[in-house]
Amino acid sequence: VPWYQGLLNFVFQCAGSVLGASLLAVMFHCEDDQTLTLGSNGLAPGYEAGQALVGEMIMTFFLCLVVFETAVNKDASCGKNACIAIGFAVYLAHLFLLPIDG
């Protein structure tokens, strides 16, 4: 990947996150938000930051492993079904980690 593509990816990722946050702020008034966090992440009571960090590291590794073994590996036999495995890995990460750190 050329350096300028990496720079453009970074810039547009930041622009997309600002746009998404702006849309959330326009669509939902803060006083109507029952979570009082407006979509931001936070550590649930009873968990420490180290526990959430380890959980995020494990699930990120799991997602990267699934992507590499299904979509990147030339010997993978799943073909067009790689997206199902990747989506399931993302689902599992959310299933386990949303109650812990949002």
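A residue is called buried when its relative accessible area is under 20%, exposed when over 50%, and partly exposed in between. The model described here is predicted. In helix H3, the buried residues are Ala 82, Ala 89, Leu 92, Ala 93, Leu 97, Ile 100 and Asp 101.

**Helix H3**

Helix H3 covers residues 82–101, a run of 20 residues. From its first C-alpha to its last, H3 reaches 27 Å, which is close to the 28 Å expected at 1.5 Å a residue.

In sequence Leu 97 and Glu 56 are 41 residues apart, while their C-alpha atoms are 7.4 Å apart in space.

The loop between helix H2 (49–72) and H3 contains Asp 75. Is Asp 75 buried or exposed? Asp 75 is exposed, because its relative accessible area of 71% is over the 50% cut-off. Asp 75 and Leu 65 are separated by 10 residues in sequence and by 14 Å in space, C-alpha to C-alpha.

**Aromatic residues and the nonpolar patch**

How many aromatic pairs does a search of the whole structure find? The search finds 2. One of them joins Trp 3 and Tyr 4. Their ring centres are 6.0 Å apart and the angle between the planes is 85°. The pair is edge-to-face because planes over 60 degrees apart are put in that class.

Trp 3 and Tyr 4 also contribute to a nonpolar surface patch of about 860 Å². Phe 10 is found in helix H1, which spans residues 3–27.

The table gives the relative accessibility of some residues discussed above.

| Residue | Relative accessibility | Class |
|---|---|---|
| Trp 3 | 69% | exposed |
| Tyr 4 | 49% | partly exposed |
| Phe 10 | 56% | exposed |
| Asp 75 | 71% | exposed |

Tyr 4, at 49%, is partly exposed because the exposed class requires a value over 50%. Phe 10, at 56%, counts as exposed.

Note on methods:
Residues are numbered from 1 along each chain as its sequence is written. This is a predicted model: local features need pLDDT of at least 70, side-chain atom pairs count only at pLDDT 80 or more; totals for chains, interfaces and linings use all residues. Side-chain values use heavy atoms; hydrogens and water are left out. Rings of Phe, Tyr and Trp (its six-membered ring) pair if their centres lie within 6.5 Å; planes under 30 degrees apart count as stacked, over 60 as edge-to-face and the rest as tilted. Buried means under 20% relative accessible area, exposed over 50%, partly exposed in between (1.4 Å probe, protein chains only). Patches are made of residues with over 30% relative accessible area and no salt bridge: like charges are joined within 9 Å, nonpolar side chains (Val, Leu, Ile, Met, Phe, Trp, Tyr) within 5 Å. Accessible areas come from the Shrake-Rupley method with a 1.4 Å probe; for residues, only the protein chains shown count as cover. A salt bridge is a side-chain nitrogen of Lys or Arg within 4 Å of a carboxyl oxygen of Asp or Glu. Helices (H or I, at least four residues) and strands (E, at least two) are DSSP runs, numbered from the N terminus. The expected span of a helix is 1.5 Å times one less than its number of residues.
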